[in-house]
Amino acid sequence: MDQQFTETSSNVRKHDEDEEEDQTESERSSNSCCCSHKAVVTVLLCTVIFSSFTLVNHWITDFNYAAVWGETGNREVKRAYNGVSSLTTIFAALLSLKVGYRVVAISGCLMMMSSLFVSSWLDKDTIGLIGFLVGGIAGVGASCVKLAAVVPVLENIQNCRFIAVAIVNIGGAGASVVHYGILASSWVSDDVDLNWKHFYRWQLLVMSFALLASTRLQPSSEKWIKNYFSPFDWSVLREKSLYIMMVILLCDRFGHLILSNVIFTFFDKNENFAAPYLGGFFYYGGQIFGPMFLFCCIKKQIAPTLRFMGSIDLIAGVWTIAATWSTNLFHISMYAGTLGISKAAFTTLLQNLIPSVFGKNNVRIVQGLLDFGAGVGILLSSPCQNAVEMHYDEADRYKPAFYLAGSFLVLASAFVFICLRVVKAMDSNADVAENKFSEIAIIDA
């Protein structure tokens with residue numbers, strides 16, 4: 001069954017046949033081969049865009065500016081940015097169908113650069129305006145940049161698509177390591193000042209690389225990128241697997257965002273001064289190793305991929321629930337590495353699955369809807385975390401957060417296996433229908 005459950009399944013075959021009508025053999029070979037000049041350039045450009053965005057995204061969401069903005073202001077600005085940057089991806093996807101992902105990427109970079117730079121000159125008393133610029137305008141820009149960093153790879157590369165997606169995500173993980181280096185430097189040296197105004201100005205330099213790379217993106221050569229709403233098949237919105245995947249992203253991002261907020265609090269519970277350094281090293285290093293670890297899984301098989309996704313989220317969830325039972329340095333390091341690997345591997349596998357399950361023509365709209373589901377999880381995570389923590393002493397508040405996050409990762413794993421059954425049933429029904437059609441055609445003949 002798994003051998004038949006590949007990209008040649010009936011759902012994808014329809015899109016492949018349409019694709020063949022729109023492209024010549026030479027166009028397909030030049031666009032789909034990962035070793036072609038266009039494919040290599042596309043991967044490099046998307047890697048630059050995503051890594052630049054990831055570094056600036058860390059500066060917005062991970063550094064604590066509560067001393068300047070206040071606890072409420074710091075929390076609400078970050079929550080608004082995280083939510084808007086995911087919820088509005090669907091609008092960026094629809095816009096890209098009309099104007100192309102290159103224009104969307106350039107617009108997103110300019111929105112992030114201008115809004116963050118202007119807010120860096122505002123006084124802390126104007127926290128409302130800062131929230132609008134950072135949480136609103138920069139959030140919308142972030143959704144455009146995120147979409148444009150992955151769509152060109154998913155649409156233009158067929159052979160070795162998994163490797164291309166993994167390289168882009170490794171670039172983002174590398175930016176996370178740079179961010180961690182800045183953070184760790186601030187712990188050991190008073191000369192490293194985590195001043196939000198400085199970072200919001202330095203982002204001009206970082207995002208300029210993303211802007212330059214965006215201008216070099218080649219617009220899609222597909223003939224279906226012509227009219228508004230025409231490229232994708234509206235029937236994809238009736239797919240049960242799409243909404244199950246949205247729930248999966250909701251649960252997964254819910255759990256991982258909570259963990260990103262409390263993970264270093266857990267590291268600090270070990271009295272060894274090296275615990276937060278080792279924990280952070282393995283956590284962010286694991287996000288680089290995760291996609292590399294999956295390089296052996298490059299077969300275009302949907303079922304094994306979904307099983308692996310469900311398994312890694314299940315392991316991460318169960319270990320998160322049990323992690324608070326021990327603050328041993330070795331245990332902290334191994335848990336941090338496993339969590340980082342599972343987070344990056346899950347994202348890479350899911351992105352690679354989108355064209356296989358829903359067809360290449362629907363990549364943009366599906367990516368937007370999946371990000372919408374992730375945005376709902378992000379918005380729900382903060383109030384839910386506060387609700388469970390308020391009943392515990394400050395020293396133990398990280399424990400209920402771990403229990404809650406781990407439970408949602410396990411729940412995400414359960415929905416992955418449900419999605420596997422649904423997609424298999426859809427493929428089986430489609431094959432039966434195709435066989436019946438063939439029998440009728442033979443009888444008529």
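Trainee: What makes the place of E389 helix α15?

Mentor: Its position in a DSSP run: helix α15 spans residues 363-389, and E389 lies in it. Helices are DSSP runs of H or I with at least four residues, strands are runs of E with at least two, and both are numbered from the N terminus. This is a predicted model, where local features need pLDDT of at least 70, side-chain atom pairs count only at pLDDT 80 or more, and totals for chains, interfaces and linings use all residues. Residues are numbered from 1 along each chain as its sequence is written, and side-chain values use heavy atoms, with hydrogens and water left out.

Trainee: How do you know that E389 has no salt bridge?

Mentor: By distance. A salt bridge needs a side-chain nitrogen of Lys or Arg within 4 Å of a carboxyl oxygen of Asp or Glu. The nearest side chain of opposite charge to E389 is R397, 5.8 Å away. Lys and Arg count as positive, Asp and Glu as negative; His and the chain ends are not counted. The 5.8 Å gap is outside the 4 Å limit, so no bridge is assigned, although E389 is buried.

Trainee: What makes the pair of E389 and Q385 a polar contact?

Mentor: Their side chains come to 3.0 Å. The rule asks for a pair of N or O atoms within 3.5 Å; within protein, one must be able to donate a hydrogen and the other to accept it, and residues adjacent in sequence count only if both atoms are side-chain atoms. The 3.0 Å value passes.

Trainee: Which residues does E389 touch, not counting those up to four places away in sequence?

Mentor: V262, R397, P400 and A401. Contact means heavy atoms within 4.5 Å. So R397 can be a contact of E389 without being a salt-bridge partner.

Trainee: Why are R364 and E155 called a salt bridge?

Mentor: The N to O distance is 2.7 Å. That is within 4 Å, so the pair qualifies. R364 sits in helix α15 and E155 in helix α8 (residues 127-156), so the bridge ties together parts 209 residues apart in sequence.

Trainee: Are R364 and E155 buried or exposed, and how do you know?

Mentor: Buried means under 20% relative accessible area, exposed means over 50%, and partly exposed is in between (1.4 Å probe, protein chains only). R364 has 2%. E155 has 1%. Both values are under 20%, so both residues are buried.

Trainee: Why is the link of R75 with E76 a salt bridge?

Mentor: The closest N and O atoms are 3.5 Å apart. The limit is 4 Å, so the pair passes. R75 is partly exposed at 32%, and E76 is partly exposed at 35%. R75, E76 and R79 are linked in a network of salt bridges. The structure holds 5 salt bridges.

Trainee: What makes V48, W202, L205 and F209 a patch?

Mentor: Patches take residues with over 30% relative accessible area and no salt bridge; like charges are joined within 9 Å, nonpolar side chains (Val, Leu, Ile, Met, Phe, Trp, Tyr) within 5 Å. These four form a nonpolar surface patch with about 420 Å² of accessible area together. Areas come from the Shrake-Rupley method with a 1.4 Å probe; for residues, only the protein chains shown count as cover. W202 lies in helix α10 and has 55%, so W202 is over the 30% mark and also counts as exposed. Helix α10 (residues 196-215) gives the most to the patch, with 3 residues.

Trainee: Why is T47 called buried?

Mentor: T47 has 15%, under the 20% cut-off, so the label is buried. T47 is in helix α3 (residues 37-61). Leaving aside neighbours within four places in sequence, T47 contacts I167, V168 and G171.

Trainee: Why is L329 called partly exposed?

Mentor: L329 has 23%, between 20% and 50%. L329 is in helix α14 (residues 329-358). Beyond four places in sequence, its contacts are N270, N272, A275 and L278.

Trainee: How many helices and strands does the protein have, and how much of it is buried?

Mentor: There are 16 helices and 0 strands. Buried residues make up 54% of the 445.
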